[in-house]
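Please open the model in your viewer and keep the sequence panel beside it. The stops below say what to select next and what is to be found there.

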Amino acid sequence: MLVLGIESTAHTFGAGIIDSSAQSASSASSKNARVLSNEYDKYPSTPAGFIPRKLADHHSNCAKKVLENSLEKAGVRLKEIDLVAYSQGPGIGACLRVGYSAARSLSLLLGKPLIPANHAVAHVEIGKWACRCADPLIVYVSGGNTQIAAKQAKKVGKIFGRGERANAGKKFFYHVFGETLDVGIGNFLDALGRELALSPPDAVGVMKKAGDYVNERGKKGVGPEYFVLPYTVKGMNLAFSGLQTAVLRAAREKKASLGGLCFSAQETAFAMLVEASERALCHTAKREVLLVGGVARNTRLQKMYSLMCAEQGARFAVVPPEYAGDQGAMIALAGLKNYLAGIEFASNEPNQDLRLDSQEIKW
Ligand code: FE2
């Protein structure tokens, strides 16, 4: 089976094609799926940030080209596609609509099923597939999302009488143990990059500035100097807005160098995340930690997780960089899993309110 996945939730329009490596639909499996192509076009970071209407225009303008490139790279003709999956949500409404319209049109044209995929679940599934993880503690870190989760059974069925349940049973979900109470960690770092006018004006700019600062101090034979900042962990939940305000105020008042502030901001935010994750790891007794999402590319964050996992005797896995950010291959994979597991959807339409824990996990 050949599955086309279309991604359009935020700044990226992507089209990925995977091959389930099976002779028929009944023997198809997502485990041995191969990614044939994974093309995308990303709206660049600007000092003004992202304007939803402009993002949607960008996606409409590049959709045809991205799709053609993906088919060409995969060596696949459009009519050979067996399933069309698209990113249903969460995401920016105007952007989601572009991906949905493209996917629905292709599905009608080809006469092939249209399969919605939960964007957050897709980030997890591509990580599990690439790292061969069975049942990890999931740390999902991206622009808009920061969640610590793990697969867990939930009792279902209608409660009646003395707590008995009709149609009682268990269903599995990705249960969220901890998450951000305000902004996502990626948006927090992007905002710092923009406000501090770094190059590029986003999270990558912060990572570079912090890295340069540590290297320069190292050459002088001294360690980095940590500037004390607000640290907000509530149970397994986190908050970043107070930290953001404190960093920007310190920068305005020139209380520390820009490099020192970027280093301290990253250290604080990542330490909060790793502390909450360690608590969740001990609570769930999982033996693996899987880091997914765009912020998973940050090498300092990877280092901190690998240290924590070594202390806890857990395996640490991080999604490969090509599958960390938003792209279509993860949507194709999640769509294939939904299709094979027979997941039913209340609606095929985009849904901005979806969460990692919205969907039943039947695998
Ligand atoms: Fe994403």
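This is a predicted model: local features need pLDDT of at least 70, side-chain atom pairs count only at pLDDT 80 or more; totals for chains, interfaces and linings use all residues.

Residues are numbered from 1 along each chain as its sequence is written, and side-chain values use heavy atoms, with hydrogens and water left out.

Now select helix H2 itself, residues 93-110; helices (H or I, at least four residues) and strands (E, at least two) are DSSP runs, numbered from the N terminus. The end C-alpha atoms of H2 lie 26 Å apart, which agrees with the 26 Å that its 18 residues should span at 1.5 Å a residue, the expected span being 1.5 Å times one less than the number of residues.

Colour the buried residues of H2 next, which are Cys95, Leu96, Val98, Gly99, Tyr100, Ala103, Leu106, Ser107 and Leu110; buried means under 20% relative accessible area, exposed over 50%, and partly exposed in between, with a 1.4 Å probe and protein chains only. Their cover includes strands E1 (2-7), E2 (12-19), E4 (83-89) and E5 (114-118), together with helix H1 (52-74).

From there, move to the iron ion, where His119 (NE2), His123 (NE2) and Asp326 (OD) coordinate the metal at 2.1 to 2.2 Å. Donors are N, O and S atoms within 2.8 Å of the metal (3.2 Å for Na, K and Ca), and since water is not among the atoms, sites may look incomplete. The spacing of the donor residues in sequence is H-x3-H-x202-D. Because His119 and His123 are four residues apart in helix H3 (residues 119-131), about one helical turn separates them. His119 counts as buried at 4% relative accessibility, and His123 is buried as well, with a relative accessible area of 1%.

Select Ser70 in helix H1, a buried residue with a relative accessible area of 0%. Leaving aside residues up to four places away in sequence, Ser70 touches Ala15, Gly16, Ile17, Ser37 and Glu39, where contact means heavy atoms within 4.5 Å.

Finish at Gly193 in helix H4 (residues 185-195), which is buried with a relative accessible area of 0%. Not counting residues up to four places away in sequence, Gly193 touches Leu198, Pro201, Asp202 and Val206.
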